[in-house]
Amino acid sequence: MALPRGVRSPKPMAAAAASASPPQPRPGHMLVLGTGFVGRYVSQRLLAQGWRVSGTCTSPAKKTELEMLGMDASVFDATSSRCCFFFFLLFLFFVPSSLTNLRSLQDATHLLISIPPIPGIGDPLLSSHSNLQTTLSNSNLQWLCYLSSTSVYGDCGGAWVDEDHTVNPKTESVKLRYAAEKGWLNVIDDLDLSAFIFRLGGIYGPGRSAVDTIAKSKSLSRRQKSRESKQYTARIHVADICQAILASMSIRSARRIYNVVDDDPAPRSEVFAFARSLVERKHPGLIMDSVVLPATQDRIVAAEKRVSNARLKEELGVKLLHPTYKSGLQSILDSWSVESSFSNRNVDV
């Protein structure tokens, strides 16, 4: 694993040899719970490979967009309110005239869970554990993947951490995320299927990256500013998340956890400085003076952690398309046409 600034990663755990090019899974029926940035990216690739793809989204407008891609979509805004959660359970399990989601859950061969926990509730589906386990036990499900976050490790003082490192969630949202990890693994305890937990770094990709933020001359959000002082940050390009998902479908695993991050835990200030240089070089005059960049290196004090991806590479055979932010940001910028409008681009995560 290529690591920045001459630092060595911890020795990875022993793993079965993985092929250099993981085999592509045979098309099946994927159900995506939470078809956001990652879910949509994965869905589009699966549809192109002949899969049937169903998914949930948070608004009628997004439902229409997903249906235009060829998906079977339904609306479920898990974050809107506590009442919405209870109505969803009623809709999912008990209403005979509204069986679309239930049929999708029973018919699906693959289940990707990308809905974040709800404050005060946790994972919206796990809160009805018995019904969920019964439904899955009578389904066609072969594979399940829950998308979690490297934030469950907490602040590790700048140390390298792998999947066996002790978790230390600090905030309520991260504690709920870790509880959801354990909950989904418990649900599949007696089920004959492959199950994975993917702990993702900060997600970026086309339309959602540092170069998009720079191009739109956006100031950082409060959440982004809270990460300015970190010396190390984990990140992953959405294309490599998709790679990991596809690779995991070709192996059998009962309860395996993988860190899905790139090779370079660089500070955000370094990433944004590089992004600005790329945009200035390719699109002179685009950047407005009002754009606010993260703190410079001399102000960075918090250590956090450096996350190892050795298991991802060794066991799943993933060869990262974008092993560093430089490759990822360059590919995003290269995809822009001269006529591109930046009005619809999102700020990075």
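Buried residues make up 52% of the 349 residues in the protein, where buried means under 20% relative accessible area, exposed over 50% and partly exposed in between (1.4 Å probe, protein chains only). The model is predicted: local features need pLDDT of at least 70, side-chain atom pairs count only at pLDDT 80 or more, and totals for chains, interfaces and linings use all residues. Residues are numbered from 1 along each chain as its sequence is written, and side-chain values use heavy atoms, with hydrogens and water left out.

**Exercise 1.** State where His29 lies, whether His29 is buried or exposed, and what its side chain touches.

*Solution.* 
Step 1. Find the element: His29 belongs to strand β1, residues 29–33. Strands (E, at least two residues) and helices (H or I, at least four) are DSSP runs, numbered from the N terminus.
Step 2. Check the cover: His29 counts as buried because its relative accessible area is 5%.
Step 3. Look for a polar partner: the side chains of His29 and Ser54 make a polar contact at 2.8 Å. Such a contact is a pair of N or O atoms within 3.5 Å; within protein, one must be able to donate a hydrogen and the other to accept it, and residues adjacent in sequence count only if both atoms are side-chain atoms.

**Exercise 2.** Describe the place of Ser104 and its relation to His29.

*Solution.* 
Step 1. Ser104 sits in helix α4, residues 100–107.
Step 2. Ser104 is buried because its relative accessibility is 7%.
Step 3. Ser104 and His29 are 75 residues apart in sequence, and their C-alpha atoms are 8.6 Å apart in space.
Step 4. Leaving aside neighbours within four places in sequence, Ser104 is in contact (heavy atoms within 4.5 Å) with His29, Leu31 and Ser54.

**Exercise 3.** Give the strand order of the open sheet of 7 strands and name its edge strands.

*Solution.* 
Step 1. The order is β3-β2-β1-β4-β5-β7-β10, with parallel pairing. Two strands pair if DSSP finds at least two bridges between them.
Step 2. The edges are β3 (72–75) and β10 (256–260), each of which pairs on one side only.
Step 3. Gly55 has Ala73 in β3 as its bridge partner.

**Exercise 4.** Compare the length of helix α10 with the expected span.

*Solution.* 
Step 1. Helix α10 covers residues 268–282, which is 15 residues.
Step 2. The expected span is 1.5 Å times one less than the number of residues, giving 21 Å for α10.
Step 3. From first C-alpha to last, α10 reaches 21 Å, close to that value.
Step 4. Buried residues of α10 include Phe272, Ala275 and Val279.
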